Amino acid sequence: MKKRLFIAVFSFFAFLAQAQDKEIKLGDVLKINSIPEATFQHIELPKKNIIIKRGGVPDYKTVHNNEVVVTKLTTNHEGEQMATLKRKDGRNFFVSFPLITANVTRAIAEEEISY
């Protein structure tokens, strides 16, 4: 019984230590996951009317499974990391937006973005 308890506690702390190592740095490559709902909660994408006004194509499915590079990092007042992202292949989002922003702390927790 003691061995099982020891293994469970050790596994918990090993998992906790591993979760803390995932700090986002400049130049990291992340992947935007495809999510079942049509809206992302923690990735700030422009609205359809703004995309159309700037001459873009308002198809949010084109964002799914894109690899993005972190170009700028900031920390908000709650201590969460905010990142500016650009596509790894150099193309623009929706044909007319070169950069988007995201709260990467919450987006990773909600599995909108992955490593």
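Q: What makes S2 and S5 count as a pair of strands?
A: In this predicted model, S2 and S5 are joined by two bridges and run antiparallel. Pairing needs at least two bridges. Two bridges meet that cut-off, so S2 and S5 count as paired.

Q: What makes S1 a partner of both S3 and S6?
A: S1 and S3 share three bridges in the antiparallel sense. Two bridges join S1 to S6, again antiparallel. Pairing takes at least two bridges, so S1 pairs with S3 and with S6. On the S3 side, Val29 has Val69 as its bridge partner. On the S6 side, Lys31 stands opposite Ser114.

Q: In what order do the six strands lie in the open sheet?
A: The order is S2-S5-S4-S3-S1-S6, with antiparallel pairing.

Q: Why are S2 and S6 said to stand at the edges?
A: Each of S2 and S6 has a single partner strand. One side of each is therefore left without a neighbour in the sheet.

Q: Which residues of S1 lie on the covered face, and which on the uncovered one?
A: Leu30 and Ile32 make up the covered face. Val29 and Lys31 make up the uncovered face.

Q: Which residues touch the most other members of the largest nonpolar core?
A: They are Leu30, Ile32, Ile43, Leu85 and Ile113, in a core of 21 residues. S1, S3, S4, S5 and helix H3 (104–109) each supply at least two residues of this core. In soluble globular proteins, nonpolar side chains tend to be buried together.

Q: What does Leu85 touch, leaving aside its neighbours within four places in sequence?
A: Its contacts include Leu30, Val68, Val70, Phe93, Ile100, Ala102 and Ile113.

Q: Why is Asn33 called buried?
A: Its relative accessibility is 17%. Buried means under 20%. The value falls below the cut-off, so Asn33 counts as buried. Asn33 lies in the loop between S1 and S2. Not counting residues up to four places away in sequence, Asn33 touches several residues, among them Phe40, His64, Glu111 and Ser114.

Q: How do you know that the side chains of Asn33 and Ser114 make a polar contact?
A: The distance given for this contact is 3.1 Å. The cut-off is within 3.5 Å. The distance passes, and the pair is listed as a polar contact.

Q: What makes Tyr60 and Phe94 an edge-to-face pair?
A: The ring centres are 5.4 Å apart, and the planes are at 75°. Rings pair if their centres lie within 6.5 Å, and planes over 60 degrees apart count as edge-to-face. Both values pass, so Tyr60 and Phe94 form an edge-to-face pair. The structure holds one aromatic pair.

Q: Why does this pair tie together parts that are apart in sequence?
A: Tyr60 lies in the loop between helix H2 (48–53) and S3, and Phe94 in the loop between S4 and S5. The pair therefore ties together parts 34 residues apart in sequence.

Q: What makes Arg54 count as lying over the ring of Phe97?
A: Arg54 lies over the face of Phe97, at 4.2 Å from the ring centre. The distance cut-off is within 6 Å, and 4.2 Å meets it.

Q: What sets the phi of Phe94 and Val95 apart?
A: Most residues other than glycine have a negative phi. Phe94 has a positive phi of about 55°. Val95 has a positive phi of about 75°.

Q: Why is Val95 called exposed?
A: Its relative accessibility is 54%. Exposed means over 50%, so Val95 counts as exposed. Val95 lies in the loop between S4 and S5.

Key:
Residues are numbered from 1 along each chain as its sequence is written. This is a predicted model: local features need pLDDT of at least 70, side-chain atom pairs count only at pLDDT 80 or more; totals for chains, interfaces and linings use all residues. Side-chain values use heavy atoms; hydrogens and water are left out. Helices (H or I, at least four residues) and strands (E, at least two) are DSSP runs, numbered from the N terminus. Buried means under 20% relative accessible area, exposed over 50%, partly exposed in between (1.4 Å probe, protein chains only). A polar contact is a pair of N or O atoms within 3.5 Å; within protein, one must be able to donate a hydrogen and the other to accept it, and residues adjacent in sequence count only if both atoms are side-chain atoms. Contact means heavy atoms within 4.5 Å. A nonpolar core is a set of buried Ala, Val, Leu, Ile, Met, Phe, Trp, Tyr and Cys residues joined through side-chain atoms within 4.5 Å. Rings of Phe, Tyr and Trp (its six-membered ring) pair if their centres lie within 6.5 Å; planes under 30 degrees apart count as stacked, over 60 as edge-to-face and the rest as tilted. A charge sits over a ring if NZ of Lys or CZ of Arg is within 6 Å of the ring centre and within 35 degrees of the ring normal.
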